[in-house]
Amino acid sequence: MMQEEGLANVHARHARLGAATRAAARQLGFELFSRSPANGVTALLPPAGVDASAIVKRLRELHGITIAGGQDHMKGKMIRVGHMGSYDLSDIYVVMGAIEECVNALGHKAGGAIEAARSGWESVS
């Protein structure tokens with residue numbers, strides 16, 4: 001896949017996927033854990049009052065989506081969303097749409113993740 005797409009295009013796609021994920025997450029009230037996030041994975045702090053472990057569990061059990069939670073002292077306090085490899089924008093729509101459902105079900109009213117993801121994607125050339 002990388003040979004067909006070309007390395008420069010792979011890097012550009014990962015940059016766009018990262019931007020899409022971060023834009024959608026911010027729209028839902030998440031904060032970025034890193035001041036300089038990578039384009040392969042985004043670490044997020046959930047909105048106040050929302051347990052990160054509950055998001056991870058609900059995503060897995062209800063939506064069939066696996067993401068990582070925090071480790072050690074960050075367990076229950078962060079989620080990590082991967083977006084490297086064969087992912088494309090539709091995958092980000094699915095994951096962030098499901099995260100939107102989760103945070104709403106867990107008591108934090110938020111919306112607009114898909115539109116924000118598209119805007120984030122389009123913001124990177």
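Two strands are paired if DSSP finds at least two bridges between them, and strands (E, at least two residues) and helices (H or I, at least four) are DSSP runs numbered from the N terminus. The model is predicted: local features need pLDDT of at least 70, side-chain atom pairs count only at pLDDT 80 or more, and totals for chains, interfaces and linings use all residues. Residues are numbered from 1 along each chain as its sequence is written, and side-chain values use heavy atoms, with hydrogens and water left out.

**View 1. Strand S4 and its partners.** Strand S3 (residues 68-69) pairs with S4 in the antiparallel sense over two bridges, and Gly69 stands opposite Ile79 in S4. Strand S2 (residues 41-45) also runs antiparallel to S4, joined by four bridges; here Val41 stands opposite Gly82.

View 2. Buried means under 20% relative accessible area, exposed over 50%, and partly exposed in between (1.4 Å probe, protein chains only).

**View 3. The salt bridge between Arg13 and Glu5.** A salt bridge places a side-chain nitrogen of Lys or Arg within 4 Å of a carboxyl oxygen of Asp or Glu; the structure holds two. The closest N and O atoms of Arg13 and Glu5 are 2.7 Å apart. Arg13 is buried at 11% relative accessible area, while Glu5 is partly exposed at 21%.

**View 4. The salt bridge between Glu101 and Arg58.** In this pair the closest N and O atoms are 2.6 Å apart. Glu101 lies in helix H4 (residues 89-105) and Arg58 in helix H3 (residues 52-63), so the contact ties together parts 43 residues apart in sequence.
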